[in-house]
Amino acid sequence: MATSVRAERDDSLPPAAPPSSPGSRRRRSSPGGLRSRLYRWDIKAIPYVFIAPFFLTFAAFGLFPLLYTGWLSLNRVELGGDPTWKGLENYTDLATSEFFWNALLNTFTIGVISTVPQLLMALGLAHLLNYRLRGRGFFRVAILAPYATSIAAATLVFAQLFNTDYGMINGLLDWIGIGPVDWESSKWPAQIAISVIVTWRWTGYNALIYLAAMQAVPQDLYEAASLDGASRWRQFISVTIPSIRPTILFTIIVSTIGATQLFGEPMLYGGSVGISGGSGNQFQTLSLLMYEKGWVTGALGQASAIAWVMLLLLLLIGGVQALVSRHNRKKLGG
Amino acid sequence: MARTLETPAPVRRFGQSAGRQHHAGPLTYVLLAVAAFVSLFPLYWNLVAASHTGERVVEAPAPLLPGKRLLDNLTFAWNQVDMGEALVNTTVVAGLVALSTVLFSTLAGFAFAKLPFRGRGVLLSLVVATMTIPPQLSVIPLYQIITDLGWFDQLQSVVLPSLVAAFGVFFMRQFLVEALPVELVEAARMDGAHSLRIIWHVVFPVARPAMAVLGMLVFVQAWNDFFWPFIALTPDGNPTLQVALAGLGAGNHSVNQAVVLTGALISTVPLLLVFAFLGKHIVGGITAGAVKS
C-alpha cells in the first residue's frame, strides 16, 4: 500500500520537462546542445522503451488474438477456410448444445472437487510447517516436488496408478476390502481421479504461499490470544485465518482461473478417447470441447465462441469475488 | 500456467522465524511425513515403472521395487521415440524464454518501480489485468498466424509468444520498489550516467537475486507448458518433452507403458535435480515473490 502512494508522488515531481512546442523546446535545450537534448530524450522516452517489449508482445500474441477470436466467434469458419458472418449463431448453438452444458458442468464439478480439498489441505500443511520443526527444509522441498512435475508426466503416472484392471489404487482398495472402482468410464470416479492429479500437483505450492503469509502474522496477536485463554485450534481459526485472508482470496482466484482452463489432465488421462473427455464425455471440460470443435471438427467459429464464454465466465467469477471481498471488508470496517 | 501469479498480502520476509511459536509435536511429524510420502511416491513409482518391462508394468500387483530394465528403456526412449531430441528442444525453448523474460521483465519492472512517466499507474494495472486472460482465448488466431508464417511445428512459434510475461514484469516491479533506493538511481543520473548504464551498473546488481528466482520459475513453467505447444508442435516433428509425452500416451493400451513412463521420467528428472540443489532458493522465491505486497 505504502508503495503505491509513493509511486503517485514520484509522478508529481518529475524532472522531465512539461510538454511544450518544438520551438520552445529547442530554445531551452540549446545551452547543453545535443548532449542535453539526448539526455532529456533519454529521461522521457526510456521508460516507454523499457516497457515496450511487454506491451508489443502482448499486443501481438495476446490482445490481437483475443479480439480476433471474438470476431471469429461471430462467423462460420472452417479450418483453413474463409469466414462468413453468422452473428450470434455460434452462441445460440452453444446454448442448445448438450455437449456444451455437459462440458460446462464438468468444468465446474472437477474445478470444485480439485480446488476445495487442495486449498484446505494446503492450509493445514502450512499450519503444520509453521511449527518449529526439525528437517523443515526437507519437508518443504518434498511437498513442492510435484510442482516440478509436468501435467503430462504427472497424468501419465496417475493414469497407471488409477488403472481399473492393474492399477495400484484399486489394488490397495481391494486389499482394504473395497471392491474395484472403475476410474475410467464411471463419471464421478473419473472426475475424482483427474482432480487428484490437479490436487497432487498444486497442494504443496499453495501450502508454501500460505506458510509465507502465516509467518508474517504478528507474534503479539498470538500472545494476546493465549492470554485470553484461546486454544491453539481457536488461535488458528480466529487469528491465523483472518490474518492471511488476502492470501487465501488470492489462491482461490488463481485456482479458479486454473480450473476453468483445465485441459491437459483430462486429455491425457483419457488416452485414446481423451480429446472427447472419455468415452461418454464424462470428463470433457470446456477447453477440451473447444479443442475438439476447433481442431477435430474444424469449426473454428464455434471454438472461438467457447473461448469467449470462458472469458465471460472468468469475468463473472472475478466480479463475484470482488463483491464478496468488498462485502467482507465493509463488514469488518463497520 | 496462470498459477504462478502473485498475491497482495502484507508479508515481511520469508524465513523470518519470529512467527513460529510452538515446537511441533509427534502428530505434526506424522502428518507431514504422510504428506511428503504422498508427494514423493508417484515420482518414486515413475522410476520403478521405468525400470521394468512393458508387460510387467501392466500386471496386476503393480511393481513396488525397481527392476533391471531402466537402461534398456532409457536407450529405447532416447533412440526409438526421440525423447533425446525433445529434451534438447525443451531445453532450448525454456532457456530462451527464461532469459528473455528475465531481461525484459527487469527493464519493465524497473520502469514501473522507479521511473516517472505518464500513464504509469494505468499501464501497470493493465499488466496485472492481462494475467487473468486464459491462453484459450488466443490460440485460434495464433494457430492461423503461425501456419500462415510457415512456423507450424517450429520452435519459434512456442518461444515468441512467451518472450515476456506479465507475471515477470509485476514480480520485478514488486522487488525493485523496495530493494532499489531512488537515491541510487538519482545519484547515478547526477554523475551523468544514461539509462543503459544505470541498468547495467545499478539495476542489474541490485535485482540479481530476484532475477535468479524469476529465471527459475519461468524456466520451470516453460519446461512444463502444455496447451499451446500441444497445438503448435507435433509429436513426430519438433516436439517439446510435453508434446512428445502426449504423443506417447495417446492410443494408450497398445503402447509399451514402461517406455511411456520412461519418457515421463526423462521430462521430470532434470527439474527434480534443479529442485534438489536449489530447492531452498526456489521455495524462498515462490513464497517471497508470491506474497509480497
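A: This is a predicted model. Chain A, which holds one of the pairs, has 15 helices and two strands. It has 334 residues, and 51% of them count as buried. Its accessible surface comes to about 15,800 Å², with 66% of that belonging to carbon and sulfur atoms. Among contacts in chain A between residues at least 6 apart in sequence, 64% join residues at least 24 apart.

Now the pairs themselves. Side chains of opposite charge can pair when their charged atoms come close. Over all chains, the structure holds three salt bridges.

One of them is in chain A, where the side chains of A:Arg201 and A:Glu265 meet with 3.9 Å from N to O. This pair links distant parts of the chain, since its two residues are 64 residues apart. A:Arg201 sits in helix H9, which covers residues 187-214, and A:Glu265 sits in helix H13, which covers residues 264-269. Are these two residues buried or exposed? The cut-off for buried is a relative accessible area under 20%. A:Arg201 has 7% relative accessibility, so A:Arg201 counts as buried. A:Glu265 has a relative accessible area of 3%, so A:Glu265 is buried.

Chain B holds a salt bridge between the side chains of B:Glu59 and B:Arg56, at 3.8 Å from N to O. Partly exposed residues lie between the 20% cut-off for buried and the 50% cut-off for exposed. B:Glu59, with a relative accessible area of 40%, is therefore partly exposed. B:Arg56 has a relative accessible area of 25%, so B:Arg56 is partly exposed.

Another salt bridge in chain B joins B:Asp72 to B:Arg69, and the closest N and O atoms of this pair are 3.9 Å apart. B:Asp72 is partly exposed, with a relative accessible area of 42%. To put the pairs side by side, A:Arg201 is buried and A:Glu265 is buried, whereas B:Glu59 is partly exposed and B:Asp72 is partly exposed.

Most residues other than glycine have a negative phi. B:Asp82 has a positive phi, near 60 degrees, and is not a glycine. B:Asp82 lies in the loop between helix H3 (70-79) and helix H4 (83-114) of chain B. With a relative accessible area of 37%, B:Asp82 is partly exposed. B:Asp153 also is not a glycine and has a positive phi, of about 70 degrees. The loop that holds B:Asp153 runs between helix H6 (139-148) and helix H7 (156-159) of chain B. B:Asp153 has 14% relative accessibility, so B:Asp153 counts as buried.

An unreviewed UniProt entry lists residues 27-45, 86-110, 122-146, 158-177, 198-220 and 258-278 of chain B under "transmembrane region". In the model, residues 86-110 of chain B are 100% helix and 0% strand, and the end C-alpha atoms of this span lie 35 Å apart. Residues 258-278 of chain B are likewise 100% helix and 0% strand, with end C-alpha atoms 30 Å apart.

Methods:
Residues are numbered from 1 along each chain as its sequence is written. Chains are lettered from A and ligands numbered from 1 in the order in which they are written. This is a predicted model: local features need pLDDT of at least 70, side-chain atom pairs count only at pLDDT 80 or more; totals for chains, interfaces and linings use all residues. Side-chain values use heavy atoms; hydrogens and water are left out. Helices (H or I, at least four residues) and strands (E, at least two) are DSSP runs, numbered from the N terminus. Buried means under 20% relative accessible area, exposed over 50%, partly exposed in between (1.4 Å probe, protein chains only). Contact means heavy atoms within 4.5 Å. Accessible areas come from the Shrake-Rupley method with a 1.4 Å probe; for residues, only the protein chains shown count as cover. UniProt positions are given in the numbering used here, feature names are shortened, and annotations may be inferred rather than shown by experiment. A salt bridge is a side-chain nitrogen of Lys or Arg within 4 Å of a carboxyl oxygen of Asp or Glu.
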